Amino acid sequence: MLRLAGTVSFDRVKSARDAVSASRSIKKNSHMTQEQALKILKSRSNVFLTGEPGAGKTYTINMFTDWLDANGIIYAVTASTGIAASHINGATIHSWSGIGIMKNLEQVDIDGIRFNKFHYKRIIEARTLILDEVSMLEASFIDDLDKVLRAIHKTQRPFGGIQVVMVGDFFQLPPVSRDGTARFAFESQAWNDAGFQVCYLTEQHRQADPTFTDILRAMRFGSMTEEHHTVLRSRMSNGTAPTNLFTHNRDVDYMNTEKLNQLPGKEHVFKMTWSGRDFDVATLKRNCLSPEVLVLKEGAVVMFTANKPDRGYVNGSVGVVEGFPNGVPKVKLTDGSYAYPEEYTWKAYDEKKNVKASIQQLPLRLAWAITVHKSQGMSLDAAVIDLSAAFEYGHGYVAISRVRSLEGLHLAGVSDNAFKVNPKVLEQDKIFREIGV
C-alpha cells in the first residue's frame, strides 16, 4: 500500500488500492508525466501533487477539473493565498472553509462554521477539495480544516471522507509565523491520517534552457557548484524589466513610490475608512494588501487585492490605470480587458459571527514592484530580482524560478542566504521521491 507517512486509516484502504491498481503500469517509471498523475487523481484517492516549478502542476489540475466536470463530480478549487487562488480561478481555503483568520479551532468555532448555511452548503456538496500552494499553510491549519470537514460530514474519516488533493512544492516559501515556529503542512496529524498518494511531476515546461534547468535543480537540492555560481554572476546587471522582485516590503514600497512620482498628471487619492475597536481595525489593516492611503495617476501599474469576477477582476490581476471616469480608476488589464474597481469591505467577525470591525478601500495597490512572496505561482518572461536582503529559505529559488529563461533573468544583488535550502524540507523531499508513484 502506498502512503505518505504513518498508518493509512482503514477508511482509505479501498481508495489506496484503487490508486495502486491505476498506477501499476507506471510505478517503474521514475519520470512522472502529467498524464500519469491524472490517472492517479482519477482513482479518487487523496493525492499530494508536487514537483519543481514549471513541472505542470496547475496544468494537471486543470485537466483533472475538466474530468470532474465531465463526470458531474462537484469539487472546490482553493489556494493558500488570494493571489495563488486567482491563478487557478478559485477561492482561498480560509474563505471556502469558513475558518478565515481563526486558529486552533475550538468546538464553538467549529459549530459556528457548521451552522452557517453558506459554509455548510459548499462543504457538504463538494466531493473533491483541491488546495494549491499548500507549502504556505501551517500544520495547525491543516488540522483545523480536517476538524471542520469531519464535523460537517459527521464522520471521523480523514477530511470528512472527501477526496483531498494537496498541490505544492515545499522547497518554495514556507508558512509564516510571528515566532518562527510554524510547522509544515506535512507535519500535521491530518496529513498523516489521510494517506496521500505522492505524484511527483518531473517534466519541465517553464524553462526550456537545460543550463538554467540544471542551475535550478542544483539550487533546489543544495548542490550548487562554482560553475553554477559563475553563470548566475553573469546575470548580475542593472537591466530593466516590467517586473521587479524584492524580498522586503520596504523596497517594494520605495520603488512603487518613485515610479509614481515620475509620472506626470494629477494625483487621485483614495482614503480607507473603518469602524470597530482599534485593535480589531489594526489587525484588518495589517492583513489588507490595499494601503490606508492609495495614491494613483494615469499610467500607474496596479494589482487588485480582492475578488470581484462580476466586475472583471480577481485578487492578483495586474493592469495599468488609463483614466478616472467619474472619479473611478479605469484599469486596462494584461489580457486587454477593462475593470472599474469599486470600494471593497474587509470584515472581522466575533465568535458569534457578528461583524466586529470593518475597513473599506479600493481593492488596488501599486505594482511596479512586488515581493517574492507575492510572485509565487507566476511565470515571467523577464524580471529584475534583488536578493541582496534575502533572509528566508526559498527566497532565491522561488524568485529565480519565476523566470522562463536566463536571458530574462536580471540579478540586482545576491546575499549569502539567497540560495539556502531548508534541511527539513530536503529530508522530507527524499521521502516524497521514494514513496512517490
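This is a predicted model: local features need pLDDT of at least 70, side-chain atom pairs count only at pLDDT 80 or more; totals for chains, interfaces and linings use all residues.
Local features need pLDDT of at least 70 and side-chain atom pairs pLDDT 80 or more, while totals for chains, interfaces and linings use all residues. Residues are numbered from 1 along each chain as its sequence is written, and side-chain values use heavy atoms, with hydrogens and water left out.

**Helices α7 and α8**

- Helix α7 (residues 117–125) packs against helix α8 (residues 139–153) at about 85°, with the axes 10 Å apart; helices are DSSP runs of H or I, at least four residues, and strands are runs of E, at least two, numbered from the N terminus.
- Axes are lines fitted to C-alpha atoms, for helices over the stretch in contact, and angles run from 0 to 180 degrees between N-to-C directions.
- The angle therefore makes α7 roughly perpendicular to α8 (65 to 115 degrees).
- Tyr120, Ile123 and Ile124 of α7 meet Val148, Leu149, Ile152 and His153 of α8, where contact means heavy atoms within 4.5 Å.
- In α8, 13 of the 15 residues are buried (under 20% relative accessible area, 1.4 Å probe, protein chains only).
- Lysine 154, with a positive phi near 50°, follows α8.

**The sheet**

- An open sheet of four strands has the order β18-β7-β19-β20 with parallel pairing; two strands pair if DSSP finds at least two bridges between them.
- Its edge strands, β18 (369–371) and β20 (409–414), each pair on one side only.
- The twist from one strand to the next averages 20°.
- Strands β7 (residues 244–246) and β19 (residues 383–387) are joined by three bridges in the parallel sense.
- Asparagine 244 is opposite valine 384 of β19.
- Helix α12 (residues 249–262) lies across β7 and β18, at about 170° to β18.

Definitions and conventions. Angles under 35 degrees count as roughly parallel, over 145 as roughly antiparallel, 65 to 115 as roughly perpendicular and the rest as oblique. Buried means under 20% relative accessible area, exposed over 50%, partly exposed in between (1.4 Å probe, protein chains only).
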